[in-house]
Structures are given as C-alpha cells and as structure tokens.
Amino acid sequence: MFNLCCNKAGHRLFYHSSRKNMASVSTALVFLAEGAEEMETVITVDVLRRGEVDVVLAGIDGDGPVKCSRNVKLVPDKSLRDALHKEYDVLICPGGGLGAENLCKSKEVGKALQEQEKRGGFIAAICAGPTALLAHNVGKGKKITSYPSMADKLKDAYKYSEDRVVVDGKFITSRGPGTCFEFALAIVEQLKGKEKAHALVKPMLIKI
C-alpha cells in the first residue's frame, strides 16, 4: 500500500506503508451475558486494552446495560449482532454460573465460536466459560481447565488440567476470578508476544 506526502518544496512523494504494521493491530471480542462474572469480564477487557488490543465488549442480548453475577451493571460497546460484522483474533467467554449458561444457550455465540475454530482463530474461556465450548461442540479433545466445580462436565470431552492457565494451540482457558490477570496476560502473549505481556506486569503491580 502506498501513501502520499509532500516534501519541503511541495513536491508530491509516495512512500510504501508496510502491511506488517497494518496487520499488527490485534482484535478481541468479549461476550457479555446476564450473570457474567464481573472480575473476569472487566479485568480481561482492561488488561487487553493496556496491551494495545482493540477490544469489543459485546452484549449477547443487545446493547443495553447487563446485570452481572454480583449485581454490577456493565454497558457493552455494542450488541453481539452488530459486533459480528467483522472477524476477531480472539473470542472470549467470561464465567459466572448464569453468564456461562446464557452463553451455552445462545445460537449466535455458538455460531461465532464454531466459525472462529474453523478459521483458526483464538478462543479463550475462564471459570464456567469453558462449558460454552462444550455446549457448542468446540475444541473437543483439547487440553483445558475451568472452575473446579465444572471439571466433571468437561473431563469426558477434553483433556482436563488443574493448571491456573492452559494454552493448547488456539485455545486459552483459566480457572476463575483469582486467575484473571494471568488469563488476560496469556491472551496478550499469544496475540502480541511475551515481551508485550511482560511489560504490563510491573505497572499494574501484579505478583505472578
């Protein structure tokens, strides 16, 4: 791609704009459903944005305020229907019991996850979020983790781990509110590299 500029004499010059620089913008979509776990949603969005990932918080039932698991209301950036007019580098499923149930029931969420897997994009889920992968038949046979009480639901379809964060190919999973920062940093590392993820740790005073 070529861009136009002028030198001091006013003559027009063309210079080459590297496609590599254009491609360096990473994108993420975070599903927001009623009953979502607040920490897992907000911390993930916050850390990714600090890591210079372009994040869309998408309400699966529209663009209005969403009541989360501890009665905190979050306002999505846009509805999931509007958000899915483009592709994303990673789709993210927060947990929360009711939130995860709503992700499991959503046909739009299921279609998005299935298409993401087919095209080789990243999928991330935390806490009860991995049950949405099971419900929509995504990532079967992959090594994953989840909130401990979800383990029995997942063990037959996946290689289950009790590690705090698990990365298996394009699937990133984690355990719960206490592992949110590690989860988000793992996503940043996959999208932007280890150096970018490590650079976020000290300013946020994270101890990992």
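## Cysteines, sheet and helices

No disulfide (a pair of cysteine sulfur atoms within 2.5 Å) turns up in a search of the whole structure. C104 is in none, and its nearest cysteine sulfur, that of C93, is 8.6 Å away. This is a predicted model, so local features need pLDDT of at least 70 and side-chain atom pairs count only at pLDDT 80 or more, while totals for chains, interfaces and linings use all residues. Residues are numbered from 1 along each chain as its sequence is written, and side-chain values use heavy atoms, with hydrogens and water left out.

Accessibility uses a 1.4 Å probe and protein chains only: buried means under 20% relative accessible area, exposed over 50%, partly exposed in between. C180 counts as buried, at 0% relative accessibility. C104 is partly exposed, at 23% relative accessible area.

Now the sheet. Seven strands form an open sheet of mixed pairing, in the order β7-β4-β3-β8-β9-β13-β12. Its edge strands are β7 (78-79) and β12 (165-168), each pairing on one side only. Strands here are DSSP runs of E, at least two residues; helices are runs of H or I, at least four; both are numbered from the N terminus. Two strands pair if DSSP finds at least two bridges between them.

Take β3, residues 26-32. Three bridges join β3 to the parallel strand β8, residues 90-93. V30 stands opposite I92 in β8. S26 is also found in β3. S26 is buried, with a relative accessible area of 6%. Contact means heavy atoms within 4.5 Å. Leaving aside neighbours within four places in sequence, S26 is in contact with V53, D54, D89, L191 and K192.

Helix α2 (residues 38-50) lies across β3, β4 (53-59), β8 and β9 (122-126), at about 155° to β4. Helix α8 (residues 180-192) lies across β3, β4, β8, β9, β12 and β13 (171-174), at about 175° to β9. Axes are lines fitted to C-alpha atoms, for helices over the stretch in contact; angles run from 0 to 180 degrees between N-to-C directions.

An α-helix has 3.6 residues a turn, so residues three or four places apart point the same way.
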